[in-house]
Amino acid sequence: MNLSESKMPLVENEELNKSDFGYDSEGCSSGYDSATDHSSAEIDKEADTSFSEVDNGEETAAEPEVMKYRSTQELCNTLQYIISLPDLCDVIFLVGEKRVPIYGMKAILATRSRVFYNLILDAQRQSPSSKKSKKKNKENKAISNHLEIEIKNYQPEDFRELVTFVHCGKVNINTSNVTGLYCGASEFGLSDLKIACRDFTTRTIRNGNSSAILKSTKFYLAHHRVAAKFVEKIQGYRKAMNG
C-alpha cells in the first residue's frame, strides 16, 4: 500500500501508532466515552457445554450459553448512505466561501462531539422561528427544513470527510486533507481521529513525502493555530530523521 494514501477505517484498528510523532496516548474521541469495534463481525462464545461435572461426580447445570454478535461494517455503510440523502438529514453545514452544502444528523453529531453539540444548540437558538423567515420557493425548498450552520474555516471536502468520520467512524486520510482533518479533530475533540492523522503523517514523513503535506497547510495556517503546531512537528520530525 502506498503509505501516502491511506484509507483507514478506524473501527478496524485496535491501536494506532501514538508515540512516533512525539505524542502521548489519548482516549476516545469527542469528550464522550465511546467504544470502538475492531472487526465487522465478532462472535464471543462464553459457554461450550450445557452441563459440567463436579468433583463428587454429580452433574449440575452450567451457565447458559451466550453468543454476542456485533456487526459494525454494515452499520457504518448504512450511516454513510443516510448522510448522502439530504431528505433524511436535519442539519446542513454551508462550508467555505462557496457555501458548499454538507449534510448530517444532529443526534449523531451532538452525541459524538460536545463541540458539535454546543454548535448545534447555538444555531437552534439563533435560528428564526417565525414562519415568515422560512423561504418556500423552489430554490430553497431542499434546505428549508434543515438547521443551517456556516463553516468558513475549512475546505469543503476536508469538512465532508470530518462529518463522515463523526457519523461512520471511518475516514480516508491523504496528504491533501490530513491537515484539515487534524485541525478538525483538534477543534471538535475527536482524539482518535487526531491519533490517526499523526500516525499517517509519521509514516508519510518516513516515506519521504512530507512536502506534499506541507503544501496543503497554507489555507489552515491562516485559520487555525493548531496548524502551525502541526507544521512545527512535521519539520521537527524531518530534522530528527535527517540528523
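I took buried to mean under 20% relative accessible area, exposed to mean over 50%, and partly exposed to mean anything in between, with a 1.4 Å probe and protein chains only. The model is a predicted one, in which local features need pLDDT of at least 70 and side-chain atom pairs count only at pLDDT 80 or more, while totals for chains, interfaces and linings use all residues. Residues are numbered from 1 along each chain as its sequence is written, and side-chain values use heavy atoms, with hydrogens and water left out.

**Entry 1. Helix α5**

I named helices (H or I, at least four residues) and strands (E, at least two) from DSSP runs, numbered from the N terminus. I then looked up helix α5, residues 178-187, and found 8 of its 10 residues buried, so the helix is largely enclosed by the rest of the structure. The buried residues are Val178, Thr179, Gly180, Leu181, Tyr182, Cys183, Gly184 and Ala185.

Against which elements do the buried residues of α5 pack? Counting a contact as heavy atoms within 4.5 Å, I listed α4 (156-168), β9 (170-174), α6 (191-206), α7 (210-215), α8 (218-221) and α9 (225-242). Just after α5, I noted that glycine 189 takes a positive phi of about 70°.

**Entry 2. Asparagine 177**

I next examined asparagine 177, which lies in the loop between β9 and α5. Asparagine 177 is buried, with a relative accessible area of 5%.

For polar contacts I required a pair of N or O atoms within 3.5 Å; within protein, one must be able to donate a hydrogen and the other to accept it, and residues adjacent in sequence count only if both atoms are side-chain atoms. The side chain of asparagine 177 reaches the backbone nitrogen of asparagine 174 at 2.9 Å and the backbone oxygen of asparagine 172 at 3.0 Å. Leaving aside residues up to four places away in sequence, I found asparagine 177 touching Asp158, Glu161 and Asn172.

**Entry 3. Salt bridges**

How many salt bridges are there? With a side-chain nitrogen of Lys or Arg required within 4 Å of a carboxyl oxygen of Asp or Glu, the count comes to 4.

One of them joins glutamate 150 and arginine 99, at 2.6 Å from N to O. Glutamate 150 lies in strand β8 (residues 147-151) and arginine 99 in the loop between β6 (91-95) and β7 (100-104), so the pair ties together parts that are 51 residues apart in sequence. I recorded glutamate 150 as partly exposed at 46% and arginine 99 as partly exposed at 38%.

Aspartate 122 and arginine 125 also form a salt bridge, at 2.9 Å from N to O. Both lie in helix α3 (residues 114-126), 3 residues apart, about one turn of the helix. Aspartate 122 is partly exposed at 37%, and arginine 125 is exposed at 62%.

A further bridge links arginine 203 and aspartate 199, at 3.1 Å from N to O. These residues are 4 apart in helix α6, or about one helical turn. Arginine 203 counts as buried at 17%, as does aspartate 199 at 8%.

**Entry 4. Aromatic rings**

I paired rings of Phe, Tyr and Trp (its six-membered ring) if their centres lie within 6.5 Å, calling planes under 30 degrees apart stacked, over 60 edge-to-face and the rest tilted. My search of the whole structure gave 9 aromatic pairs.

Among them, tyrosine 154 and phenylalanine 159 have ring centres 5.5 Å apart and planes at 50°, so the pair is tilted. Tyrosine 154 is buried at 1% relative accessible area, and phenylalanine 159 is buried at 0%.

Tyrosine 154 also forms a tilted pair with phenylalanine 188, at 6.4 Å centre to centre and 35° between the planes. This pair links distant parts of the chain: tyrosine 154 is in the loop between β8 and α4, and phenylalanine 188 is in the loop between α5 and α6, 34 residues apart. Phenylalanine 188 is buried, with a relative accessible area of 2%.

I recorded one aromatic cluster formed by Phe93, Phe116, Tyr154, Phe159, Phe188, Phe219 and Tyr220.
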